[in-house]
Amino acid sequence: MFDVEVKEITKCFGDFCAVNGLSFTVGHGEVFGLLGPNGAGKSTLIRMMTTLVPPTSGTALINGFDVTRAANEVRKSIGVIPQAMTSDLDLSAEENMSIFAKLYGIPREKRRRKILELLEAVDLVQWIDKPVKNFSGGMRRRLEIARGLVHEPKIFFLDEPTTGLDPVSRVAVWEMLSRLKREHDLTIIVTTHYMDEADKLCDRIAIVDHGKLVALDSPLKLKASIPGKNILEVSFSNVPSGWQQALERLPEVVEVKADDNIFRISSHNGPLTTVELMEAARKAGISVASLSVQSTTLDDVFVHYTGHQLRDALQAPVHGTMFPSKN
Amino acid sequence: MHRILAIIERDLRRFRRSPTLVLVSIIMPLVQLVILGYAFGGIIKDLHLGVVDQDHGVPSVKMKEMFQAIAANARTFDTTAYEDLATALKDLRTGKINGVLNIPPQFSRKVLAGFNPHVALIEDNTDQFASTSLQGSIAGLLTAYNQKPPLPHTTAGATLSVVEIYPYVPYIQYLLPGTIVLSIFVSCMIGGGIIFIDDKARGLHEGYLVTPISKFDLIMGFNLAGAFKAIIAGLVLVTFGSIIAGIPDPLNIARLLRLMLLVVLTSLALISMMFLIMVRVNDPLVPRAVFGMLNTVLYFPSGAVYPINAFPAWMKAITVIDPFTYAVHGFKELILKNNGLAAISYDLLFLSGFTIVAMAAATMLFRRTL
């Protein structure tokens, strides 16, 4: 049995479908990433899986329970960290945890022990009785992660857990999530629009764009699935006509995409193509303004499958949020 | 039950750390009580009456002496003598005087001849309160002027003696019941309206909605937490308001207990109403925008500041369904008349029924999803 089984799930707001017939499964113990730009439908999808938004059609089975028919059983099985920081600023770390432990019906004798254990795990035990309003963004996020685990859920949903955090705090959250996953035998579903985060954290990644699933596999396989092992980004001071075709004829070149004077060249052999490129440019009397050679990244995968870079998009309003969600 | 308590605990812990809510909901009505109580409750004095005597006979002199007696004692008005009506009217229009009493020529001759002479009061009626006071004072004075000792062997006319069964109720005391209800309302409006919607907009409710808490538990938790804060505001107003307004024996335990019951039921009714109004609202501007309107629509027609009997029919219709009406009536009975619970049983019944209906409707309308 899969921990998560999403079947043809769709959510439309009027004529606009934020999520359009998505299906996938997540096995036990996996870290599953939903990667996509703002407005791709990631948050709507995660809200449907966590019973916060009813699907227009289709459904999802979470821990074997249908989100539309057994919502309360789903809620007992999952921990959820919403995109917005929802801890109470006026309360202490322990009070925030304790309120949620009570909402989940954790017995008194177990409550205090569990709270201490989790605050220890997220390295906040020394701040246990300090008001959350004095916490940094990273500390608040760690507290919320601890809060989401207070009832020992089987599946843990995190919606953009590192958005707004500085690079050091982001790395700290990644490491903490990896440790918590091991120690608590969790299945984790995380939405993100950070490629490096998805690459480092996730066992498998679903690339979502315009509410549809455009690719799903492990980061390694996704990177291997696109043409070329290396990407050369090169710009020239002047570009004669037919220059793109000349570049395509260079050895080991798979694909060339042009944007004004900047060319993005996929190659099976980056170093060789670079040497040949410089030679061809010299012979044609074209000066190279800049050149970089990179291994394939998830950015390349994303561009390959979606045909565009991460971009902003207008979104349908979702009840209960002051600001448009940034999925 | 433990989930309801968790919601209440969260709210009350936040409230304890930041008690601005109750301070605002107590101080604003208290200030209103004192300012309105003294602004509207005083006896009007020191009006200026111009007197034009075109007669100069003995009866007119007697009448002017009576006016001067009022000026010296009750001080409702003082008098200024004018030689001609035109000058007096000019001063009336420019606001130097509040009214002109014209004693016409032939007044004394008509009095002595046994006719019914007229004197005219020309007044500035743009200020209803001042003109009504002036009218009342001069009408009383004319009654006294017209009083004749009964002749022997004739039948005397009937007179009215007024006996007041309660001590004199100054306007500040009359305002107190409405002020208590207003403070409960302000607390409900801030706690049940503004903070509720702000929390929702900040995503705090999302945290609740992913837990296995039921709709009913959530609504009960929100309502009871809001009611608790409103009860605190109401009890403070009952105690300090009574002392400020000069209610006799303000700390009488039996009466305070009766008042406490009414405060609790009023708080529950108003927080339920507030929750029903806000249950589908997502925009944080809405509760702020409707605050003033709700205050006007509920407070003023309730009889808190003026008797309901004076209202037009459409406004009386509002009072029938306005929980303020029943709460204000209940507080008047308990505070101004020191009555027992039997006198407010209908009010208690209405407030309880209103709470149940509003809570049930809010539970039905509440969406457990975003």
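**Exercise 1. Find the domains of chain B, then those of chain A.**

*Solution.* Start with chain B, whose assignment gives domain 1 (2–40 + 170–365) and domain 2 (43–142). Notice that domain 1 of chain B is written as two stretches, 2–40 and 170–365. Next, look at the centres: over C-alpha atoms, those of domain 1 of chain B and domain 2 of chain B are separated by 49 Å. Keep in mind as you work that this is a predicted model.

Now turn to chain A, which is divided into domain 1 (4–218) and domain 2 (227–295). The C-alpha centres of domain 1 of chain A and domain 2 of chain A are 42 Å apart.

**Exercise 2. Describe chain A as a whole.**

*Solution.* Begin with the outline: the C-alpha atoms of chain A fill a box of roughly 80 × 45 × 35 Å along the principal axes. Finally, check burial: 45% of the 327 residues of chain A count as buried.

**Exercise 3. Decide whether A:Glu160 is buried or exposed.**

*Solution.* Locate the residue first: A:Glu160 is in the loop between β7 (155–159) and α6 (167–184) of chain A. A residue is buried if 20 or more other C-beta atoms lie within 10 Å of its own. A:Glu160 has 24 C-beta neighbours inside 10 Å, and therefore counts as buried.

For a distance check, compare A:Glu160 with A:Asp209: they are 49 residues apart in sequence and 16 Å apart in space, C-alpha to C-alpha.

**Exercise 4. Describe the side of chain A that touches chain B.**

*Solution.* Count the residues: 28 of chain A are in contact with 27 of chain B. Next, find the helices: α2 (71–77) and α3 (93–103) of chain A each supply at least two residues of this side. The largest share, five residues, comes from α3(A). Last, sort by class, which gives 13 nonpolar, eight polar and seven charged residues on the side of chain A that touches chain B.

Terms used:
Residues numbered from 1 in each chain as written. Chains lettered and ligands numbered in written order. Predicted model: local features only at pLDDT ≥ 70, side-chain atom pairs only at ≥ 80, totals over all residues. Buried ≥ 20, exposed ≤ 12 C-beta atoms within 10 Å, placed from the backbone. Helix = DSSP H or I, 4+ residues; strand = E, 2+ residues; numbered from the N terminus. Contact = placed C-beta atoms within 7 Å. Nonpolar A, V, L, I, M, F, W, Y, C, P; charged D, E, K, R; others polar. Domains from an automatic or database assignment.
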